[in-house]
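User: Please go through this model and say on what grounds each label is applied. I would like the cut-off beside the value each time.

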Amino acid sequence: MHQYLIELASLMAIFAFAIVSPGADLAMVMRQAMVHGRREAIITSFGIGTSLMFHVTYTILGLGLIISQSIYLFNIVKWLGVAYLIYIGIKALRAGKMELPEVSGNAVAHKRQSGLKSFTLGFAANALNPKPVFFFLSIFSTVVHAHTPVMIKFGYGIVMASCLIAWFVGVSLFMTTPRMRAAFARASQWIDRTSGVVFIALGIKLATEKAA
């Protein structure tokens, strides 16, 4: 058990940097929080965390190795991710100025984005990114012993996913405070444009990266 705790601590020391680094997931949660509200952002956060388990699962089962060794499979995942990031970036750029409705408690008094759509946005933003293929394959092969039981490895994944969800839920709560909403009401269109540029830039960056 002591060996497994050391492995988990080592994984989390590396993963902590990945959690807080800016990227498509953070941009997605921030925009969900500011445009649609706390509930939607939190659901999106769970979508991202669930998607992380998707990456961990195929890495543990060996699919990550297959994808990393096949440029064809890698490019399929890569270009799906590029297309998705650019698509949501264009949608954000085309969004007009938004008048935020009155908020009662944590509820936004307008037609809500469905829970399924909020979850899917988060799941897709993370699942269609090929970078976790190499990230999880590299850290699991480096830090986790080959003879560590599969269930223990899945346990590591659950801890990592839980920490990721907790981080983005925290972002969701912070970005939906009254002060932040008031600031957004004054600059909603520029925030949409900025997030759109960020999504498109991330898509272009992903498109130009090589599977080295």
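**Elements, burial and helix packing**

Analyst: From the N terminus on, the elements of the protein chain run α-α-α-α-α-β-β-α-α-α-α. That comes to nine helices and two strands, where helices (H or I, at least four residues) and strands (E, at least two) are DSSP runs numbered from the N terminus. The model is predicted: local features need pLDDT of at least 70 and side-chain atom pairs count only at pLDDT 80 or more, while totals for chains, interfaces and linings use all residues. Residues are numbered from 1 along each chain as its sequence is written, and side-chain values use heavy atoms, with hydrogens and water left out.

User: Why is Gly81 called buried?

Analyst: Buried means under 20% relative accessible area, exposed over 50%, and partly exposed in between (1.4 Å probe, protein chains only). Gly81 has a relative accessible area of 2%, so it is buried. Gly81 lies in helix H5, residues 71–94. Not counting residues up to four places away in sequence, Gly81 touches Leu128 and Leu206; contact means heavy atoms within 4.5 Å. The C-alpha atoms of Gly81 and Pro130 are separated by 7.4 Å, although the two are 49 residues apart along the chain.

User: What makes Met1 and Trp190 count as exposed?

Analyst: Met1 has 70% relative accessibility, so it counts as exposed. Met1 lies in the segment before H1, and its C-alpha atom is 10.0 Å from that of Ile152, 151 residues apart along the chain. Trp190 has a relative accessible area of 60% and is therefore exposed. Over the 212 residues of the protein chain, buried residues make up 43%.

User: What makes a set of residues a nonpolar core, and which residues of the largest one touch the most other members?

Analyst: A nonpolar core is a set of buried Ala, Val, Leu, Ile, Met, Phe, Trp, Tyr and Cys residues joined through side-chain atoms within 4.5 Å. The largest here has 27 residues, of which Phe15, Leu52, Phe136, Phe140, Met160, Leu164 and Phe168 touch the most other members. At least two residues each come from helix H1 (2–20), helix H2 (24–36), helix H3 (38–60), helix H7 (131–143) and helix H8 (150–175). H8 gives the largest share, eight residues. A second, separate core has 12 residues, including Ala27, Met28, Tyr84 and Ala125.

User: Which residues does Phe15 contact, leaving aside its neighbours within four places in sequence?

Analyst: Phe15 is in contact with Leu52, Phe135, Phe136, Met160 and Leu164.

User: How do you know that H1 and H7 are roughly antiparallel?

Analyst: Two packed helices are described by the angle between their axes and the distance between the axes. Axes are lines fitted to C-alpha atoms, for helices over the stretch in contact, and angles run from 0 to 180 degrees between N-to-C directions. Angles under 35 degrees count as roughly parallel, over 145 as roughly antiparallel, 65 to 115 as roughly perpendicular and the rest as oblique. H1 and H7 pack at about 150 degrees, with axes 10 Å apart, and are therefore roughly antiparallel. In this contact, Glu7, Ser10, Leu11, Ile14, Phe15 and Ala18 in H1 meet Phe135, Phe136, Ile139 and Val143 in H7. These residues divide into eight nonpolar, one polar and one charged. For these classes, Ala, Val, Leu, Ile, Met, Phe, Trp, Tyr, Cys and Pro count as nonpolar, Asp, Glu, Lys and Arg as charged, and the others, Gly among them, as polar.

User: Why is H3 called oblique to H7?

Analyst: H3 and H7 pack at an angle of about 55 degrees, with their axes 9 Å apart. That angle makes H3 oblique to H7. Leu52, His55, Val56, Tyr58, Thr59 and Ile60 in H3 meet Pro132, Val133, Phe136, Leu137 and Phe140 in H7. By class, this contact has nine nonpolar, two polar and no charged residues.
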